Amino acid sequence: MLPEPFVRWFAERGWSPRTHQLDLLASAQRGNSVLLIAPTGAGKTLAGFLPALTDLAVRPKKRPGEAHRGVHTLYISPLKALAVDIERNLGKPVAEIGLPITMETRTGDTPQHKRARQKLVPPDILLTTPEQLALLIASADAERFFSDLRYIVLDELHSLVTSKRGHLLALGLARLRKFVPDLQAIGLSATVADPDELRHWLVRQSSLPSPLWGGSIREAGRGGGDGQASPPTPTLRVDPPHKGEGNANMADVITVTGGAKPEITILDSEEHVPWAGHSARYAIPDIYEAVRRHRTTLLFVNTRSQAELLFQELWRINEDTLPIALHHGSLDVGQRRRVEKAMADNALRAVVATSTLDLGIDWGDVDLVIHVGAPKGASRLAQRIGRANHRMDEPSRAILVPANRFEVLECRAALEANYLGAQDTPPLLAGALDVLAQHVLGCACAAPFDADELYAEVKGAAPYASLDRDHFDRIVDFVATGGYALRSYERYARIRKTRDGRWRVSNPRIAQQYRLNVGTIIEAPMLNVRYTRTKGKAGAGNAGSVALRGGSVLGKIEEYFVETLSVGDMFLFAGKVLRFEGIRENECYVSTGGGGNVLVPSYAGGKFPLSTYLADQVRGMLADSTRWKALPDQVSDWLRLQQQKSVLPRKEDLLVETFPRGERFYMVAYPFEGRLAHQTLGMLLTRRLERMGAHPLGFVATDYSLGVWALGDLGRMFESKKPSLAELFDEDMLGDDLEAWLADSWLLKRTFRNCAVIAGLIEKRFPGQEKNGRQVTVSADLIYDVLRSHEPDHILLEATRVDAASGLLDVRRLADMLSRIRGRIVHKDLDQISPLAVPIMLEIGKEPVNGEANDRLLLEAADLIEEAMASA
């Protein structure tokens, strides 16, 4: 199966192809699509490209005068940095084998002149992203460009398919199959909970189980769990596609396990592990010492704020002046590329990074991964650990650094899950309707389309396999008119029906706007951070008071954070202390800062949700004292004291504690279902408590618990069963209570704004300019109010409700929890705070809750802890 040049290349290096590499090649040569599941370092990349490389190696040479061939192989990456990394790593064997192959990247960072040249002279292998694919298929020459396409390689498939980005990619794959019916897809992944879901996703579909479109918020939230772990798979298994078994065919699957087990430890610091917080400052000396002892260390955190803080803290104690760098998505692309090059050259001792480096990257001689903060998912931890010793037969080494006591439990659960080989990647969801609207417009930009033909094509994409014709027609009508309430406005008529019944774009400007706004990643409104040589007047507000002159750009920062600053405020960004000088248009001007109170920018949406699997494991750990011996003494002592002063719940129970403090009464519940589900629960509980006369003042939620404070004596109320806790936590709260709360909530407006931008109803970018966040929000709010009043069943409002249920609200997970605890609520009415309640109580007062900005409770940590830990 391997051409002679490949056999010779392996032999000259004393290597031989791995079994799974040859099995994948064999499946591809039989004409099948394939899913390869293999651990880090197993040679997935080479395996995924072998069918393309061997086919290109024997392809006849282009004859003189013959037209340029189209792209032969398309590689799709979730990260721009990964596409660059693959180009570098794959280029070496291509050159050494002597293959006459051209290979190029095409991402948002690719210069326009290079993109234009690629359209005229396509490379044999194009390494790109889902957004660039959407742009390519929306061009008039898309069919010619892809006419020679044979393979599409989808790297880190598990991370692509679980979001709206995956829906856009699936629709793009369906369009490619219209151009090339025999197109073969090769999916690569190291962490998969349900392989059959991905096997379906890779091939053309005909039907799937019932969709999640339509209905109420509660119905939209129902569905499977978000990551119940799957058991380890056999060492090597090759399953052929299922033929004619009712559902659509599935791709072959090749599963590889084995290799060296990772060596994971949890930092056992002599310092006091904090009760709450996310900075892990207590561990900085230990982290720095670990960096000193290793060649190259990757330090992963979950948010950009944590990255900035950790980077600054490490440099504060960097007495050896070790080369330590910072890498996250808000930094300028030039700075990121410099860091990546330094990693490849082994010129760095450590890099502090977010998820921008946790997928498939193989740079430099990384021999240690330090994860600061809990990983929030077993699969995410496995992915990140795999960046160390990127070889299958050598163990990856990792240190987990919990930032607080609950995170110690979560880190322990994640460590045990990793050794078991458990995976908790989230399940696939039905295709989003706003993404479908974007795709429909993109198809019209390429060429007029027939609705019947496009409907059949769209149903071939796995997320849309059960899309009914009514929803499809409503989406087409939305793209054509904006909907019933908006059809009198010409700007929303983006496509028109021609005499032959086909749909085309209304005018060329529509296609131009589509290309400027394509994509599904909706970040919070951002401002460029730019150096200036002029100083603003301190205390002058955020507009500044002098003419600001621009210098170099450091990256982008979220607009809402900058709006809280006054001239002269200091904040951390790009590893530097900067002085805020003012805002002009979409620019945040800064100068080099000094001492004083230094702020750390916060980034909306930067927190990962706690997976269902890890939450279940943490509950089990709390309930089983035999597992405490693996915990640090200070944490196990904390749990034993909780047993003495209150109780620890059994795995399936919900513990609810009530106690007075000061002039208020508190209720703390411990569902362990993640911050989003807890926030929704808190909103609904406070509404119910208000109706019951308890006068709730607010609530605060973490991944582990929920705290509510009120003027009424909550303990006495529940003890008298007026109401009972069973009534308070009844599942019916997800009916009328949820709908009523959402009717008055900003959450649906926020979700609608994102849906409207993705669907193209609101355009953010224009030639040479861009709407700022306030302008987008005002436009979205106006349209939302019009639709709610005049067309409450508008297709985009329906999409918004589904989005909110599965995203910001996490209704499905909350529904599962309420069902689980029915008849299993344990109430402890206490005289004072319990040890387990200290972390959530320390969160109260850190941020305004439920509009109670002036009612913050600034509690003294020392007093809280002393009270909780006092002798029973």
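## Notebook: contacts, cores and helix packing

I began at Gly707. Leaving out residues up to four places away in sequence, Gly707 touches Met667, Val668, Gly698, Phe699, Val700 and Ile840. Contact here means heavy atoms within 4.5 Å. I noted the ground rules next. Residues are numbered from 1 along each chain as its sequence is written, and side-chain values use heavy atoms, with hydrogens and water left out. The model is predicted, so local features need pLDDT of at least 70 and side-chain atom pairs count only at pLDDT 80 or more, while totals for chains, interfaces and linings use all residues.

**Gly707, continued.** I placed Gly707 in strand E26 (residues 706-710). Strands (E, at least two residues) and helices (H or I, at least four) are DSSP runs, numbered from the N terminus. Is Gly707 buried or exposed? Gly707 counts as buried because its relative accessibility is 2%. Buried means under 20% relative accessible area, exposed over 50%, and partly exposed in between, with a 1.4 Å probe and protein chains only. Gly707 and Ala669 are 38 residues apart along the chain, yet their C-alpha atoms are 6.5 Å apart.

**The whole chain.** I counted 33 helices and 29 strands. The chain has 872 residues, and 59% of them are buried. I then looked at contacts with a separation of 6 or more. Residues 24 or more positions apart account for 75% of these.

**Cores.** I looked up the nonpolar cores. Such a core is a set of buried Ala, Val, Leu, Ile, Met, Phe, Trp, Tyr and Cys residues joined through side-chain atoms within 4.5 Å. The largest one has 129 residues. Phe146, Leu176, Trp201, Phe729 and Phe752 have the most contacts inside it. Helix H17 (residues 433-446) gives the most to this core, with nine residues. Domain 1 (4-57 + 70-204) and domain 4 (637-855) each supply at least three residues to this core. Those domain bounds come from an automatic or database domain assignment.

I followed Phe752 further. What does Phe752 contact beyond its neighbours within four places in sequence? I found Leu761, Ala780, Ile783, Tyr784, Leu787, Leu796, Leu797 and Thr800. There is also a second, separate core of 105 residues, which includes Ile284, Leu381, Ala403 and Leu554.

**Helix H1 and its partners.** Two packed helices are described by the angle between their axes and the distance between the axes. Axes are lines fitted to C-alpha atoms, for helices over the stretch in contact, and angles run from 0 to 180 degrees between N-to-C directions.

I took H1 (residues 4-12) with H4 (residues 80-97) first. They pack at about 110°, with axes 10 Å apart. H1 and H4 are therefore roughly perpendicular to each other. The cut-offs are under 35 degrees for roughly parallel, over 145 for roughly antiparallel, 65 to 115 for roughly perpendicular, and oblique for the rest. Pro5, Phe6 and Trp9 of H1 make the contact with Pro93, Glu96 and Ile97 of H4. By class, I get five nonpolar, no polar and one charged residues in the contact of H1 with H4. Ala, Val, Leu, Ile, Met, Phe, Trp, Tyr, Cys and Pro count as nonpolar, Asp, Glu, Lys and Arg as charged, and the others, Gly among them, as polar.

Next came H1 with H3 (residues 44-57). Their axes come within 10 Å and cross at roughly 135°. H1 and H3 are therefore oblique to each other. Phe6, Trp9 and Phe10 of H1 meet Leu46, Leu50, Leu53, Thr54 and Ala57 of H3. The contact of H1 with H3 has seven nonpolar, one polar and no charged residues.

**Helix H6.** I checked how covered H6 (residues 130-137) is. Eight of its eight residues are buried. Among them are Glu131 and Gln132.

**Trp628.** I found Trp628 in the loop between H22 (612-623) and H23 (633-645). Trp628 counts as buried because its relative accessibility is 3%. Not counting residues up to four places away in sequence, Trp628 touches Met621, Leu622, Ser636, Leu639, Arg640, Gln643 and Leu648.

**Positive phi.** Most residues other than glycine have a negative phi. I noted two with positive values. Glu156 has a phi of about 50°. Glu156 lies in the loop between strand E5 (151-154) and helix H8 (157-161). At 3% relative accessibility, Glu156 counts as buried. Thr321 has a phi near 45°. Thr321 sits in the loop between helix H13 (304-316) and strand E11 (324-327). Thr321 is exposed, with a relative accessible area of 59%.
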